[in-house]
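Have the sequence and the 3D view open as you read.

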Amino acid sequence: MTDNWSKFEWVNQAILGIHGVDVQFAGIKFLESLVSEFSPSTSSAMGLPREFHEQCRRSLELDYLKIFYRWTQEAASSVTNKIVESDYAVPEVKVCTAALDLMLQILNWDFRCNTNDTKVNVFSAGIRQDGDSPRRSEYHLVQPGSDWRDVLISSGHVGWLLSLYSALRKKFSCEGYWLDCPIAVSARKLIVQFCSLTGAVFASDDVKMHEQHLLQLLSGIIEWVDPPDAVSRAIESGKSESEMLDGCRALLAIAHVATPYVFDDLLKPMRPFGTLTFLSMLMSEVIKVLMTSNTDEETWSWEARDVLLDTWTALLTPINMISANALLPSEGIKAAANLFGFIVECELRMASASAFNDEGDADYLHASVSAMDERLSSYSLIARASVDVTIPLLHGVFSERVARLNQGRGIVDLTETMEELYSLLLIIGHVIADEGEGEIPLVPNAIQTQFVVNAMEADKHPVIVLSSSIIKFAEQCQNPEMRSSVFSPRLMESLIWFLARWSRTYLMSSDGNGDKILDSGHHPEHSSKKALLSFFGEHNQGKPVLDIIVRVSLVTLISYPGEKDLQGITCYQLLHSLVQQKHICIHLVTLNSWNELATAFSTEKTLFLLDTAHQRSLAQTLVRSASGMRNLDTSSQYVRNLMGHIATYIVEMSSKSNFKSIAQQPDILLSVSCMLERLRGAASASEPRTQKAIFELGFSVMNPILVLLEVYKHESAVVYLLLKFVVDWVDGQITYLEAQETASVVNFCMRLLQLYSSHNIGKISISLSSSLLSEAKTDMYKDLRALLQLLSSLCSKDMIDFSSDSIEIQGTNISQVVYFGLHIVTPLISMDLLKYPKLCHDYFSLLSHVLEVYPETFAQLNNEAFAHILGTLDFGLHHQDADVVTKCLRALQALASYHYKETSNGNIGLGTHATGLKDSNGNFQEGLLSRFLRSLLQLLLFEDYSSDLTSVAADALLPLILCEQSLYQKLGNDLIERQTNPTLRSRLANALHTLTSANQLSSSLDRINSQRFRKNLSSFLIEVRGFLRTM
């Protein structure tokens, strides 16, 4: 393009308006199409190399884009006066609107040339990534580089834009429709986009340049949203909300490019308060409108609230990681405190108003905790910015509501107060504790740093006072009278949720860093953390609080029959989290309350009425707590006492002479299902300390399991439970078993597979699978998934084995079981079924495992099974899920490596499967290695995939090339011959040669050679994919 300036002269003349308004408009639209076409994410498919598209993109960005922007800027300026001075819609309006849209499009460009990286990203699809944000509001930073400073900053362009909008806004102030006219919308969008401008476009030696830019923008934007109450009244009276929402989006954009201090100072030259105070006022008004409207529809106030919450999140997220006082001005802290107080007030009023709403699902307060989590997390950031005010506030509000409950009990209807407490507990839980996201969460940084507490007065720490009040309140649910009058199932849900979240952070915390930091004389602000962790630690109030939590859990399981959600939170969140930490288990198993829970599990009829999945979770939790026992014998005896009655029941029931005749009775069927779920829960909790006891448990029911499989062969739900118990039991045991024990388990699995196969359980016509319409309809295939998992678990014995002797001593051959299992499973795995993620992952996990551990077994499969597996491998190799592709590549690596090593030693390896053979019609069928060498090269050179796959693809490609060197040479020559461009042909030939010769590459498959080939392949793909792939 660099030699084509003369061709753009007519475009320049057209845009300047020399040939009239219509031609001016057409010229702008032409540039708009041109910019769109040169952006890889919106370009048309032209069948040209990706490298060519990238060169065009780079050329446009470096040589043309800024000039196009300046032309467009001049075009808009040239018609401004006529638009502003005219009393009616003139043709110049559409020119100005098109110009504003083009400038916005150019600023949306994915600027890359302000970096030193000139290479083409051959793996990227050319789509910018920064718009993919976990937040509710979309945004992206505009970073065009220092070359754009003159046209965007120094030229007065922003002032012109703000003046244009302000003049038109004033002129048409009486015309309500004007705010949604195209020129108004386009101007506001461009103004908001300028708020996101950052980076090298501002001079590094002039720190005030960026601040002045933001100050200028805010001076124009503030009129859109201030005063908040007047703006909201106008909107409620019929004025368009679009300007107000754009104002909120502008504040969000500024929050992403400015520090809290800079953000707060921006408004002070124009108002007697800072921007943070205004942000608090604006959001308070939005929440007030949202609360007043009380509608299920997502109105403008919903959207405004979400954008403003994201603004607070953008400002406060860095602070939450460091210290609020260090980054937030005092006025901002006060503003956050005032806002949070108003939020709490409004949330409680909405909760109270919803208390008697029969259509609970329609009100957002009745949504699940997880649905509210995002909003509450943002609220918590605001609260933590001023914890010295908000924590005492929360304690005061909580204490007042509890007092109201106690005073009104038996006298007035307490439903509203209980609903307020429900909402309040969720808010408090988010403020004082984090989720953890799979890890043990730390005390929030703001709480660690904002309180300085004397260790002797730890009980006066605001968080301790608040936590203790809630725990004391929860303890009262043990009183039957209080339980019936105050502790509704819904209120108990929030209490159990709070205790689960709180205990993960504060109860007997294993994080001793606070103590160490304080004791070393550094960072005295950590006295808050020390006080918190010590007060609820092992040697203080930790054990009494733990006892209360267990007793409250026991109440929810026994005294609230049928409350599935409440009992689910108790089992899956609260009790489950307690046994994840061994130092808590040590104290847990010494509590009388825990022993009462274990006894109730074995004897209490109410617990047998729990949802069967809850019973499984409870069994898992109770067994896992054995890790806190003093020694191995005590742990084993505990498990036997806990689970022995279940094994006895299964054995006795299966041995009854009339079992077949009574098995289908509802009570028997339910009882068997409950027992199997409990066995499965115990099996999944296996660990070295309890392994022996759980093995004995499973061993005692092996024959009864086969009896149950025979009797319940037509009950798919029971079949699934049986298989899942065996899967979990084998998975937890197999790596620890001695040779004789392993032989017993392997023989049992073989009998299980034979029995399953003999009844054709789960065998459904493959032709029906294409008619499955949803994930829910694949429940009938869950037993098939269980079989896949069972075979994978058996395979693991040959990879990880902690036993003291070898299984070969007993003549045990796991590969034979796997071989038999593959013949059962593979005919049932259709390509349609592989479209379902869970089944797909399990299948390819097994396939990858089997081919890595038993490649010789694969060669023994009959032709039908072998061909079917190759078809699924080809399917998986082109799957969208990178994990599936990785598993297929590892499977190919295993097969090719096995064949290469075997043939190098004079053996046949995969035999005819690798060399090819003639089918029944006499046609030659290409061997699997040749087939997948072609397929893998096609993938690597021409198809889309993640660059993360390059290394594992190299590990598969190297042995394939070594096995099929002549084919590789032929494929390489064919690629070279197809290149008509001599330069590209030479580049490709050199790259292919370098791929197999650079870095002293040899014909070995050892680790060092594989690493060399990974480097070679990465360099090769970077060199050739850019011109081989067409777009």
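Which side chain does the side chain of Thr 570 make a polar contact with? That partner is the side chain of Thr 556. Before going on, note that this is a predicted model, where local features need pLDDT of at least 70, side-chain atom pairs count only at pLDDT 80 or more, and totals for chains, interfaces and linings use all residues. Residues are numbered from 1 along each chain as its sequence is written, and side-chain values use heavy atoms, with hydrogens and water left out.

| Reached by the Thr 570 side chain | Distance |
|---|---|
| Thr 556, side chain | 3.0 Å |
| Leu 566, backbone oxygen | 2.9 Å |

Thr 570 sits in helix α26 (residues 564-578). With 0% relative accessibility, Thr 570 counts as buried (under 20% relative accessible area, with a 1.4 Å probe and protein chains only). Neighbours within four places in sequence aside, Thr 570 is in contact (heavy atoms within 4.5 Å) with Ile 496, Ser 553, Thr 556, Leu 557 and Leu 575.

Leu 557 also turns up in α25, among the residues that meet α28. The axes of α25 (residues 542-559) and α28 (residues 592-603) come within 8 Å and cross at roughly 25°, so the two helices are roughly parallel (angles under 35 degrees).

Conventions. Axes are lines fitted to C-alpha atoms, for helices over the stretch in contact, and angles run from 0 to 180 degrees between N-to-C directions. Helices (H or I, at least four residues) and strands (E, at least two) are DSSP runs, numbered from the N terminus. Angles under 35 degrees count as roughly parallel, over 145 as roughly antiparallel, 65 to 115 as roughly perpendicular and the rest as oblique. Buried means under 20% relative accessible area, exposed over 50%, partly exposed in between (1.4 Å probe, protein chains only). A polar contact is a pair of N or O atoms within 3.5 Å; within protein, one must be able to donate a hydrogen and the other to accept it, and residues adjacent in sequence count only if both atoms are side-chain atoms.
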